[in-house]
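Open the structure in your viewer and keep the selection tool ready. We will stop at a pocket, then at the cores.

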Amino acid sequence: MARELNLTRAAVTSIIQDLSKAGLVREVGSQPSGRKPVVLEINPNFGKVIGIDLGATHMTLIVANYAGQVIREVETPLEINDGPQVCLTHVIRQVRQTLHDLGVPLSEVKAVGMGVPGPVVSEKGMVSSPPIMPNWDHFPIRDYMAEQLGVPVTLGNDAELGALGEWAYGAGRGEKVLAYIKVGTGIGAGLLIDGKIFHGATGTAGEIGHIVIDRKGPKCTCGNYGCLEAFAGGRAIARRAQDFVRKNQRSRLAEIQPVEAIRAKDVIAAARRGDLPAQQIIKEVGYAVGSALSSLVNLFNPSMIVVGGQVSQCGDLFLEPMRKAVDEKSLRVAADHVCIAAAYLGRRSSGIGAVVEALTIALHQFADDNE
């Protein structure tokens, strides 16, 4: 620790003693050989943190300890279109109910990390002109949640938190330059450089879903035409399937009536069961996403791209056309050195990233309180 922090051994010993007295750090034994230095760890029972991932149609809540271990995970339906008052009231109610079920008082919760599917203005704790979050523009999400719960709250974009979660505990663990792509109702990217999220000047870095890939394409929720999200987002996947069924009944998806009831999750499920039309849709979506990613590969030059969101459940059926497009359309020197893999944490990537953020601000708060 002295070498890593560039401090003297005496200084590190003094700091560790203070942290031990406070209960944040504890001894867990010693090394089996050599001078037998003391092995330390963060005390997992020092407190609890909460990670919240708001999606377009769901909410995931994770209660974790100070070691980042999940104690309880809850997922409930939620319609982001209902607006901040309805959605956040539901979130707060779920937080209180989950803690009650665990027998954990709110006073044990040291911080809350929260992710939302829109561009976040970090310093203000709100979203700005979010395409799939109508009526949320400039609502003070962070401050509202902090006031209601009485604990520090941090707010981030869900794809950025997905990148953080996969970097800390998933497929991208320890990568220096990492991109996380979330393909759900919307499509976004989280960019990490040396373990730090790159937000951009106004918090909109990584909005890959709004790269225009065909100006003659369908209208996107952002108002432009032909965005990647309009071709490959959850609503676009459902629309492709609906159009196919109307013209041709040779698909398991035709069993879903009315046709307008077909959703992206139905297409994914059918593709995984071997339905050829559904598989073709997933392949086309994968290639479209890969085409947009080729620009990201050229500009950002990541060593790894982790793909999350519900479509990633299709595995190589989705990933192979994506890899093919990146290989064909990116600079060779960049394409040859990027690994594209499915999210190890699956649907939990953003929620775990929110836990990591909560732990970070909790530890910073502890340091400030003990200066």
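Start with the elements around the largest pocket: α5 (158-169), β10 (177-183), β11 (187-193), α7 (234-247), α8 (264-272) and α12 (349-369) each give its lining at least two residues. Helices (H or I, at least four residues) and strands (E, at least two) are DSSP runs, numbered from the N terminus. Now select α7, which gives the most to this lining, with four residues.

A word on the model. It is predicted: local features need pLDDT of at least 70, side-chain atom pairs count only at pLDDT 80 or more, and totals for chains, interfaces and linings use all residues. Residues are numbered from 1 along each chain as its sequence is written, and side-chain values use heavy atoms, with hydrogens and water left out.

Next, select Ala56, Thr57, Gly184, Thr185 and Gln310. Of the 42 lining residues, these lie nearest the centre of the largest pocket. A pocket is an open set of points on a 1 Å grid over the protein atoms alone, where a 1.4 Å probe fits, with protein on both sides within 12 Å along at least five of seven lines; lining residues have an atom within 4 Å of a point.

Select Val267, Ile282, Leu293, Ile305 and Phe318: of its 44 residues, they touch the most other members. Then pick α9 (276-300). α9 gives the most to this core, with 11 residues.

Last, go to Leu99, Val109, Val120 and Val127. They are among the 33 residues of another core, apart from the largest one.

Notes. A nonpolar core is a set of buried Ala, Val, Leu, Ile, Met, Phe, Trp, Tyr and Cys residues joined through side-chain atoms within 4.5 Å. Buried means under 20% relative accessible area, exposed over 50%, partly exposed in between (1.4 Å probe, protein chains only).
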